[in-house]
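Dear colleague,

Please find below the structure that I am handing over to you. My findings follow it.

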Amino acid sequence: MAWFALVIAGFLEIFGVGMINRLNKNRDLLSLLLLIVGFSGSFFCLSFAMKTLPMGTAYAVWTGIGASGGALIGMLLFGEAKSLKRIIFILLILISAIGLKFVSK
């Protein structure tokens, strides 16, 4: 259950990052509220996961999911530059996060 909460926390962080970008473009209340909901839910799920997972592992996986997801939605939804090198490094982040899952107890 903790790993599931951690993955949800990562996806909510990605959502929050997307809402930061939306807020910067639109400057509306809905974007601000969605940003707050996204990050609040993310921190809540991260906190739940850290009840059983080691802090270092949980934080590394959470940031890995958020960083790679943020980079992906930047490329896919917001027109940021796509390059093979960027994709390779994003994959390395994801592989590292998955590796932490397998080596943690």
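Which residues of the largest nonpolar core touch the most other members? The model is a predicted one, and in it that core has 16 residues, of which Leu6, Leu46, Leu53 and Val61 touch the most other members. Two or more residues are given to this core by each of α1, α2 (29-49) and α3. The element that gives the most is α1, with 6 residues.

For Leu53, neighbours within four places in sequence were left aside; its contacts are then Ala2, Trp3, Leu6 and Ala58.

The packing of two helices may also be of interest to you. Helix α1 (residues 2-26) packs with helix α3 (residues 55-77) at an angle of about 40°, and their axes are 8 Å apart. On the α1 side, the contact is made by Trp3, Leu6, Val7, Ala9, Gly10, Phe11, Glu13, Ile14 and Gly18. On the α3 side, the residues include Val61, Trp62, Ile65, Gly66, Gly69, Gly70 and Ile73. Sorted by class, the contact of α1 with α3 comprises 11 nonpolar, 7 polar and 1 charged residues.

Finally, a note on Leu76, which lies in helix α3. Its relative accessible area is 65%, and Leu76 is therefore exposed, the cut-off being over 50%. Leu35 is 41 residues from Leu76 along the chain, and the C-alpha atoms of the two are separated by 19 Å.

With kind regards

How values were computed: Residues numbered from 1 in each chain as written. Predicted model: local features only at pLDDT ≥ 70, side-chain atom pairs only at ≥ 80, totals over all residues. Heavy atoms only, no water. Axes fitted to C-alpha atoms, helices over the stretch in contact; angles between N-to-C directions. Helix = DSSP H or I, 4+ residues; strand = E, 2+ residues; numbered from the N terminus. Contact = heavy atoms within 4.5 Å. Nonpolar A, V, L, I, M, F, W, Y, C, P; charged D, E, K, R; others polar. Core = buried A, V, L, I, M, F, W, Y, C linked by side-chain atoms within 4.5 Å. Buried < 20%, exposed > 50% of the residue type's maximum accessible area, 1.4 Å probe, protein only.
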